[in-house]
Amino acid sequence: MAKKQFKSESKRLLDLMINSIYTHKEIFLRELISNASDAIDKLCFISLTDDKVGLSREDFKIKITADKDSRTLTIEDNGIGMDKDDLDKNLGTIASSGSYRFKQEMEKTDDVDIIGQFGVGFYSAFMVADKVEVYTKKYGSDTAYVWSSTGADGYTVKETDKDSVGSIVKLHIKDDGENENYSEFLEQYRISELIKKYSDYIRYPILMDMTRSKVKEETKDSDKPEYETVTETETLNSMVPIWQRPKKDVTDEEYEKFYHDKFMTFDKPAKIITTSVEGVVTYKALLYIPSKTPFDFYTKDYKKGLQLYSSGVLIMDNCEELLPDYFRFVKGVVDSQDFSLNISREVLQHDHQLKTVANTLEKKIKNELTSLLKKDRETYESFFGEFGRQLKYGIVSDYGMHKDNLKDLLMFYSSNGEKLTTLSEYVDRMKEEQKYIYFATGENTQTISKLPQAEMVLSKGYEVLYCTQDIDEFTLQTLQSYNDKQFKSVDSDDLGIENDEPETDNESTDTTLKFVRDALGDKVNEVIASKKLVSHPVCMTAKGGISFEMEKYFNTMQPEAGMKAERCLELNMNHPAVKKMTELIGTDDDKAKTYAQIFYNQALLIAGLPIEDPSGYADMVSSIM
Ligand code: ADP
């Protein structure tokens, strides 16, 4: 019988499949099962109005059979089937636009890794089989046919015997090569694994005979139980995805089990979000906010994204476009019939519908976090402890364009107490005359709470936010203000506070300041009479927008850049020790210089900055003592 040739573009696709060295060959099974499911959909639809079909909804199924002896794998369905014309049209030419697009992409890039992102269709069978036969009988037709092909040299179509309507796709699995294992596709465990992975939510049962070793019933209770090999037909897919089931029918344990199984997590989610949207794009989503940072979260191995399904069939494992970076910790699935199996990653990236879904999901996540903060503070605080840094990154990224969206999710430690506070709570506690939201930076809450320069602000009864993470200060700088209240570092000159300390003698102050400046040379940029200090003699503040914490941060990141904050030594002119130095100027300048050096070193120590000569400093202190 004469062989028919494939249409030229099909031939090229076929070549790609036959010669594919692609590591994800396994997706052929997903493709063939999806085809079977589509074929069943069609007949199932007809059966609603046509009694002659003789099948009801629960009669439809897909059967998988693996035979190691003949090295064949068959996928059988009782769907609509194909007649001679269909076989020519559907299996002789590229039928779907998805496969066609795939071929075009491949010719452009030769990047085989994109295969998995496409509905590559029927021809993907040739990645694992050197011969494919399709036995099929169309609903309403009397004749059955067998389509057969070994690939490149074309295909034949012959009449055959087949009683029931539907198709059997029979793959003759390739022999194993040096580096290639095809036999795995004949192993029952491997097949069932693939079905779980890709086709778990196909709406019809996928059946396979599973052979297992079981304890013999009659020896169950004896000391020496005997085993027997039993073969039973099992349904391998769970059919109804958990996110498609009504929320009231699913227990928290089931949701959690799914979270653990699907995403290989171990923590109890801080929040489980279910959502069902009907509109421009119709979709269901099941999202999880973890309570623990995944071990690889801050490495490049961590993959952000949600799983994207199209009517129960997995089309993308990590669809990054569905989540903004600052919510990259969210795990979950989105299922929408509005995305076709045939969509490629490249096309998805610019897909309007995907953007719509991403936007509504983002709002949903934000709202859920807000409500968690309101209703379950403890859980939110521990969530924030794990992922707060990510939200802060969100604020400083993209030139601060997300700041309004995220600012109410932020929390900081403050002088108000042990607990974290939100910005809105801070503002609520502000005193009537208080102009600014004050913040101070330092290594930890302990050291910040003791910073001399915070003293004045604190003595007025004003609260100070403690910036303990390197990102905190950037975050506040990006925000600039909250509810029209500007953020102000306690280092600033202008703290917006009327200083009610007694006036100091201006002339002697000027002399003292000049003396200290001369004594310290270029170690400091400025020496000033402080308006902030109350009980402490000195402090070092940073001028010009770069704080000491930023200096430390940048110097660990990029030591060679030698970033340095401007150092301003502030003296408390009313402090007895400073007064003593003032007295010494002109009478014992050497001793006054030692005072200046000691003050300088003390200020460095308090600011958490290294002192240049610790033993020299110790000697100076001893000499005065
Ligand atoms: P796609 O499924 O993306 O349309 P395929 O190359 O996978 O492309 O399949 C081509 C066509 O062959 C399908 O559209 C369908 O019409 C037909 N087909 C494939 N498998 C079956 C099957 N098991 N039963 C009936 N028709 C099938």
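Analyst: The buried residues of α6 are covered by elements including β9 (271-277), β10 (283-289), β11 (306-310) and β13 (331-335). Contact means heavy atoms within 4.5 Å, and buried means under 20% relative accessible area, exposed over 50%, partly exposed in between (1.4 Å probe, protein chains only). Helices (H or I, at least four residues) and strands (E, at least two) are DSSP runs, numbered from the N terminus. This is a predicted model, in which local features need pLDDT of at least 70 and side-chain atom pairs count only at pLDDT 80 or more, while totals for chains, interfaces and linings use all residues. Residues are numbered from 1 along each chain as its sequence is written, and side-chain values use heavy atoms, with hydrogens and water left out.

User: Which residues of α6 are buried?

Analyst: They are Tyr 255, Glu 256, Phe 258, Tyr 259 and Phe 263. Seen down the axis of α6, these buried residues fall within an arc of 155°, so they line one face of the helix; the arc is that of the directions from the helix axis to the C-beta atoms. Glu 253 and Lys 257 are exposed on the other side of α6.

User: What follows α6?

Analyst: Met 264 follows α6, and its phi is positive, near 50°.

User: Turning to aromatic rings, how many aromatic pairs are there?

Analyst: Rings of Phe, Tyr and Trp (its six-membered ring) pair if their centres lie within 6.5 Å; planes under 30 degrees apart count as stacked, over 60 as edge-to-face and the rest as tilted. By this rule there are 29 aromatic pairs. One of them joins Phe 258 and Phe 263, edge-to-face, at 6.3 Å centre to centre with 90° between the planes.

User: Are Phe 258 and Phe 263 buried or exposed?

Analyst: Phe 258 is buried, because its relative accessible area is 11%. Phe 263 is buried as well, with 15%. Another edge-to-face pair is Phe 327 and Phe 329, at 6.1 Å centre to centre and 70° between the planes.

User: Which aromatic cluster includes Phe 327 and Phe 329?

Analyst: One cluster has among its members Phe 297, Tyr 298, Tyr 326, Phe 327, Phe 329 and Tyr 380.

User: What lies over the face of Phe 297?

Analyst: Arg 328 does, at 5.0 Å from the ring centre. A charge sits over a ring if NZ of Lys or CZ of Arg is within 6 Å of the ring centre and within 35 degrees of the ring normal. Lys 488 likewise lies over the face of Tyr 436, at 4.5 Å from the ring centre.
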